[in-house]
Amino acid sequence: MWKARLIALILFICGLGVGFFVYSSETSVSRFPFKLGLDLAGGTHLVYSVDTTEVAPGEVADSMSALRDVVERRVNLFGVAEPIVQTEKSGVFSGVEEERLIVELPGVTNTEEAIALIGKTPTLEFKLLKTEQGEISEDGSLDINTSYEDLGLTGRYLKRAALEFGQGGGGLSNEPVVVVTFNDEGKDLFASITREHVGEIVGIFLDGQLMSSPVVREEIPDGTAVISGNFTPDEARELVKNLNYGALPMPIALQSTQTIGASLGSTALEHGVLAGILGLLLVAAFLIVWYRIPGILGVISLGIYVAVMLSLFKLIPITLTAAGVAGFILSIGMAVDANILIFERMRESLKEGKEFHSAVKEGFDRAWRAIRDGNISSIITATILFWFGTSLVQGFALTFGIGVMVSMLTAIMVSRSFLSALGNYSNRRLTRLFFGSGTMM
């Protein structure tokens with residue numbers, strides 16, 4: 001008995017500790033603030049469709065990853081705090097197979113400027129370094145705008161770039177190199193450039209950002225060049241990805257914009273928190289009135305469950321949207337449902353004349369199968385929603401799925417430990433008074 005009470009005390013203290021962490025971390029300088037989604041924090045939500053018709057099916061994933069990286073660079077230049085740039089594929093049940101690019105810019109009010117910056121077609125350019133005419137910028141680096149000469153060679157002339165090994169010079173047989181191949185039109189232009197600028201540097205730019213500065217060693221008439229330079233495999237792979245992205249015709253088209261004011265997001269958050277608090281209070285009142293002492297213990301267990309969930313939102317961290325909050329609140333219902341199943345089975349055992357300790361044990365044993373099956377089916381549903389859903393549905397599925405798993409643990413571990421710590425009661429009148437339900441046993 002004392003062992004059960006010690007375990008219950010430890011769980012209660014741990015719950016208080018988790019709750020204190022959640023409360024104390026709600027400061028302006030906290031390392032673990034709640035990460036709010038665009039619909040709660042306010043900002044701009046942009047959805048682009050990506051035309052992948054000219055890309056081989058096996059290269060779509062890599063091309064989308066490269067596209068996301070380029071747009072992220074653009075958004076970072078825009079100075080947005082904690083932007084979200086992600087790719088997604090339309091759900092299989094929508095009837096339309098489409099690759100999409102989702103950009104969320106918290107706090108951005110100039111939507112037109114953001115659209116102009118993000119929506120610009122990626123530009124891959126090859127430019128000749130003019131060292132004798134170059135200028136030094138204020139920070140001591142070479143001024144790119146005045147130091148390079150446009151050669152007219154862009155990404156549209158590039159057929160493909162590939163990572164290869166064993167072609168490096170200097171006896172380094174396993175050196176990673178980047179092999180670029182130009183199309184028929186670009187082959188002649190590239191041959192002319194390499195013939196006229198042997199020994200000079202040709203800079204490769206993506207969106208105006210210098211990616212590589214290879215030196216022209218000799219004339220290259222066949223349109224296939226090898227870029228070496230003591231690359232690591234990851235550096236070479238990154239260069240290949242950027243080159244292919246600049247060369248691939250993957251236009252993006254803006255499909256929708258949604259601007260949410262900070263005040264609207266704040267109001268939605270306040271209403272959501274108020275609804276959650278009122279819901280918890282009503283549920284707590286019902287549990288206490290209907291189930292009495294087990295109801296009180298169920299409310300404490302529910303409080304620990306809420307504290308654990310909020311701490312997980314901070315620590316993982318999970319971006320909370322309105323849909324995510326809805327998933328969390330729904331999972332609270334699952335936690336309450338598990339406790340009610342346990343209390344009802346326990347009450348039935350008491351009505352059959354079992355002693356309190358035996359009734360507690362039988363109540364958990366008989367309720368466990370229903371709790372297990374119901375929670376597993378909910379977890380499967382959440383997994384399917386997360387796998388096939390779009391970003392908003394994924395937010396709901398993630399918080400709901402985590403909530404169901406945590407609720408199952410708290411119902412079995414915390415509630416059971418608290419009830420087991422109460423001891424045994426032989427007095428039937430007291431048992432009926434403190435452990436019966438709102439109806440007579």
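Predicted model: local features only at pLDDT ≥ 70, side-chain atom pairs only at ≥ 80, totals over all residues.
Two helix pairs involving α9 show contrasting arrangements, since α9 and α10 are roughly antiparallel, whereas α1 and α9 are oblique to each other. The salt bridges come to twelve in number, and some of them are described below residue by residue.

**How the helices pack**

- Two packed helices are described by the angle between their axes and the distance between the axes.
- Helix α9, which covers residues 293-315, packs with helix α10, residues 322-351, at an angle of about 150 degrees, and their axes are 10 Å apart.
- Angles over 145 degrees count as roughly antiparallel, and α9 and α10 are therefore placed in that class.
- The crossing of α9 and α10 is right-handed.
- Helix α9 also takes part in a pairing with α1, where the two axes come within 9 Å and cross at roughly 45 degrees.
- The pair α1 and α9 is therefore described as oblique, and the crossing of α1 and α9 is left-handed.

**Salt bridges**

- Side chains of opposite charge can pair when their charged atoms come close.
- In one of the twelve salt bridges, the side chains of Lys314 and Glu26 meet with a distance of 2.4 Å from N to O.
- This pair links distant parts of the chain, for Lys314 is in helix α9 while Glu26 is in the loop between α1 and β1, and the two residues are 288 residues apart.
- Another salt bridge is formed by Arg100 and Glu98, whose closest N and O atoms are 3.1 Å apart, and Glu98 is partly exposed with a relative accessible area of 24%.
- The side chains of Glu348 and Arg366 also meet in a salt bridge, at 2.9 Å from N to O.
- Salt bridges that share partners join Arg345, Glu348, Glu352 and Arg366 into one network.

**Backbone features to look for**

- Most residues other than glycine have a negative phi, and most peptide bonds are trans.
- Arg292 has a positive phi of about 60 degrees although it is not a glycine.
- Arg292 lies in the loop between α8, residues 262-291, and α9, and with a relative accessibility of 26% Arg292 counts as partly exposed.
- A cis peptide bond joins Ile316 and Pro317, with an omega of about -15 degrees, and Pro317 is found in the loop between α9 and β13.

**Surface and interior**

- Leu6, Leu9, Ile10, Phe12, Ile13 and Leu16 make a nonpolar surface patch of about 560 Å².
- One of these residues, Ile13, has its place in helix α1, which spans residues 2-24, and Ile13 is partly exposed with a relative accessible area of 49%.
- Gly186, by contrast, is buried, because its relative accessible area is 0%, and Gly186 has its place in helix α6, residues 184-196.

**Residues separated in sequence**

- Gly186 and Gly223 are 37 residues apart along the chain, and their C-alpha atoms are separated by 7.2 Å.
- Val325 and Gly276 are 49 residues apart in sequence, and the distance from C-alpha to C-alpha is 9.0 Å.
- Val325 is found in helix α10, the helix that packs with α9, and Val325 counts as partly exposed at 21% relative accessibility.

Note on methods. Residues numbered from 1 in each chain as written. Heavy atoms only, no water. Patch = residues over 30% accessible without salt bridge, like charges linked within 9 Å, V, L, I, M, F, W, Y side chains within 5 Å. Areas by Shrake-Rupley, 256 points an atom, 1.4 Å probe, with all protein chains shown as cover. Salt bridge = Lys/Arg side-chain N within 4 Å of Asp/Glu carboxyl O. Helix = DSSP H or I, 4+ residues; strand = E, 2+ residues; numbered from the N terminus. Buried < 20%, exposed > 50% of the residue type's maximum accessible area, 1.4 Å probe, protein only. Axes fitted to C-alpha atoms, helices over the stretch in contact; angles between N-to-C directions. Parallel < 35°, antiparallel > 145°, perpendicular 65-115°, else oblique. Left-handed = near helix turned anticlockwise from the far one by under 90°.
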